[in-house]
Amino acid sequence: MQGREASDGTVGRTLAVLDLVAGFGRPVRFAEILPVAGLPKATLYRFLQALTHQDMLAFDEDRQTYAPGMRLVRLAHSAWAQSSLAPIAREVLDELAETLGQTVHLAQLDNGAVLYVDKRNARQPVEMFSQSGKVGPAYCTGVGKAMLAHLPEDRLAAAIDRQSFHAHTPNTLTTPDALRAELAVIRQRGYALDDEEHETGIACIAAPILSGSGRILGAISVTTTTAATSRDQLLALVGPVTGAAARIAAAAEAWRFPEIKS
């Protein structure tokens with residue numbers, strides 16, 4: 001473990017272990033954690049013990065596995081209710097999904113990555129990467145680019161530095177310069193497209209959710225398949241998507257959100 005976790009000392013490294021365990025998405029054994037933790041065996045065990053004693057992790061003695069604990073669940077629920085757009089946007093997401101019959105995503109930025117905070121499935125659900133609570137790349141997703149486009153320059157530079165620029169498909173933008181050029185277009189026109197940049201056969205149109213002062217709060221998108229929806233049909237959704245984003249932004253004016261970590 002290195003970087004920010006190391007600079008934050010024991011607390012940072014302990015929280016990094018918590019992130020690591022949660023990231024498996026299933027109960028996990030010590031032997032699975034050790035090779036990827038980058039910590040000595042005794043140190044990792046000590047951190048896991050501390051997290052278990054604080055109920056941030058739960059240890060199953062029969063299976064010898066670690067999983068997120070109930071205290072972490074309570075904290076996550078509190079964070080979702082107080083800092084997430086999800087409670088505010090719920091009715092708008094419901095209406096947009098019902099009207100269009102397509103998959104709708106709500107996302108926020110988390111350290112340069114996309115955190116999907118809510119989702120509505122299409123009437124005919126499509127298998128795709130995004131799920132509520134999942135973290136995805138910002139540089140090749142509609143919601144990610146919609147949010148990056150409205151960051152102030154210092155935060156945008158930091159966020160771009162955190163992108164992997166892995167070529168998920170032939171359409172993926174793989175350089176900072178290409179991304180910056182795309183973000184300039186997005187800022188001007190007010191919406192972003194994912195043109196099969198993250199997953200082949202999946203396309204979306206996304207709009208930023210901006211505060212009255214222009215601060216980025218999140219983004220909303222409508223996602224479909226290229227087989228079912230043409231580009232012209234996708235572009236016809238600009239009005240509904242940007243309108244939904246504006247409604248969420250208006251509802252959010254009465255709330256106070258923590259500054260996003262670009």
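A residue is called buried when its relative accessible area is under 20%, exposed when that area is over 50%, and partly exposed in between (1.4 Å probe, protein chains only). Keep that scale at hand for this tour of a predicted model, in which local features need pLDDT of at least 70, side-chain atom pairs count only at pLDDT 80 or more, and totals for chains, interfaces and linings use all residues. Residues are numbered from 1 along each chain as its sequence is written, and side-chain values use heavy atoms, with hydrogens and water left out.

**The whole protein**

Start with a cartoon view. The protein has eleven helices and nine strands; helices (H or I, at least four residues) and strands (E, at least two) are DSSP runs, numbered from the N terminus. Of the 262 residues in the protein, 45% are buried. Contact means heavy atoms within 4.5 Å. Among contacts with a separation of 6 or more, 56% join residues 24 or more positions apart.

**First stop: Ala-206**

Select Ala-206, which is found in strand S8. Is Ala-206 buried or exposed? Its relative accessibility is 0%, so Ala-206 counts as buried. Now show what surrounds Ala-206: leaving aside neighbours within four places in sequence, the residues in contact with Ala-206 are Gly-142, Val-143, Ala-146, Tyr-191, Ala-192, Ile-220, Ser-221 and Val-241. For one of these, try the distance tool: the C-alpha atoms of Ala-206 and Ile-220 are separated by 5.5 Å, with the two residues 14 apart along the chain.

Two strands pair if DSSP finds at least two bridges between them. Here six strands form an open sheet with antiparallel pairing, in the order S6-S5-S4-S9-S8-S7. Its edges are strand S6 (135-136) and strand S7 (192-195), each of which pairs on one side only.

Next, select residues 103-110 and 216-225. These are strands S4 and S9, which run antiparallel and are joined by five bridges. Which residue of S9 stands opposite Val-104? Look across to Val-222.

Axes are lines fitted to C-alpha atoms, for helices over the stretch in contact, and angles run from 0 to 180 degrees between N-to-C directions. Helix H11 (residues 238-252) lies across S4, strand S8 (202-210) and S9, at about 35 degrees to S8.

Bring in H6 beside H11: they pack with their axes 9 Å apart, at an angle of about 165 degrees. Angles under 35 degrees count as roughly parallel, over 145 as roughly antiparallel, 65 to 115 as roughly perpendicular and the rest as oblique. H6 and H11 are therefore roughly antiparallel to each other. To see the contact, show Ile-88, Ala-89, Val-92, Glu-95, Leu-96 and Leu-100 of H6, together with Pro-240, Ala-244, Arg-247, Ile-248, Ala-251 and Ala-252 of H11. By class, that contact has ten nonpolar, no polar and two charged residues; Ala, Val, Leu, Ile, Met, Phe, Trp, Tyr, Cys and Pro count as nonpolar, Asp, Glu, Lys and Arg as charged, and the others, Gly among them, as polar.

Select residues 30-37 (helix H3) and 41-53 (helix H4), which pack at an angle of about 120 degrees with their axes 10 Å apart. H3 and H4 are therefore oblique to each other. Show side chains where they meet: Phe-30, Ile-33, Leu-34 and Ala-37 in H3, and Lys-41, Leu-44, Tyr-45 and Leu-48 in H4. This contact of H3 with H4 divides into seven nonpolar, no polar and one charged residue.

Move on to Asp-55, in the loop between H4 and S2. Asp-55 is a residue other than glycine with a positive phi, near 65 degrees. Its relative accessible area is 46%, so Asp-55 is partly exposed.

Then highlight strand S2 (residues 57-60) and strand S3 (residues 65-68), paired in the antiparallel sense over four bridges. Phe-59 stands opposite Tyr-66 in S3. S2 and S3 form a hairpin with four residues between them, and Gln-64 in the turn has a positive phi of about 60 degrees.

Select Glu-196 in the loop between S7 and S8. Phi of Glu-196 is also positive, near 55 degrees. Finish at Arg-162, in the loop between helix H8 (153-161) and helix H9 (176-189). Arg-162 has 45% relative accessibility and so counts as partly exposed. The C-alpha atoms of Arg-162 and Tyr-139 are separated by 9.8 Å, and the residues are 23 apart along the chain.
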